[in-house]
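Take a look at the model below. Keep the sequence at hand as you read.

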Amino acid sequence: MRLDPDDELSELVPLDDAPALACVSRRTLNRWIAAKRLTVIEVRGYTGRYVREDELLDVEHERRKARRQGRPGARVNAA
């Protein structure tokens, strides 16, 4: 479903389908919502809750980028 038919980036994803799209668990998705990293949308006339696909993929991309950097203060052996 789209918020705006003219905007290709306004695709809404049902909350039940979002974890599979972002390759995370439902628990992780709930943490992102609690931390205000994701906005939950309720559309009048439709049952269920949704998140924006572009917002979901941005948060997931940030998570992957942070994982590649390693933990802060990690030592690297330069042998």
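We start with confidence, then move to one residue and the core around it.

This is a predicted model. The protein has an average pLDDT of 81, and 72% of its residues score at least 70. Confidence is highest in helix α2, with a mean of 94. Helix α3 has the lowest, at 85. Keep one caution in mind. Where pLDDT is low, the coordinates should not be read in detail.

Now find Leu56. Leu56 sits in helix α3. Is Leu56 buried or exposed? Its relative accessible area is 0%. The cut-off for buried is under 20%, so Leu56 counts as buried.

What does Leu56 touch, beyond its neighbours within four places in sequence? Its contacts are Ala18, Leu21, Ala22, Leu29, Trp32, Leu38 and Val51. Take Ala22. In sequence, Ala22 and Leu56 are 34 residues apart. In space, their C-alpha atoms are 7.0 Å apart.

Leu56 also belongs to the largest nonpolar core, which has 12 residues. Val13, Leu15, Ala18, Ala22, Val24 and Leu29 are among them. Helix α2 gives the most, with 3 residues. In soluble globular proteins, nonpolar side chains tend to be buried together.

Leaving out residues up to four places away in sequence, Val51 touches Glu11, Leu12, Val13, Leu15, Ala18, Thr39, Val40 and Leu56.

Terms used. Residues numbered from 1 in each chain as written. Predicted model: local features only at pLDDT ≥ 70, side-chain atom pairs only at ≥ 80, totals over all residues. Heavy atoms only, no water. pLDDT = per-residue confidence, 0-100. Helix = DSSP H or I, 4+ residues; strand = E, 2+ residues; numbered from the N terminus. Buried < 20%, exposed > 50% of the residue type's maximum accessible area, 1.4 Å probe, protein only. Contact = heavy atoms within 4.5 Å. Core = buried A, V, L, I, M, F, W, Y, C linked by side-chain atoms within 4.5 Å.
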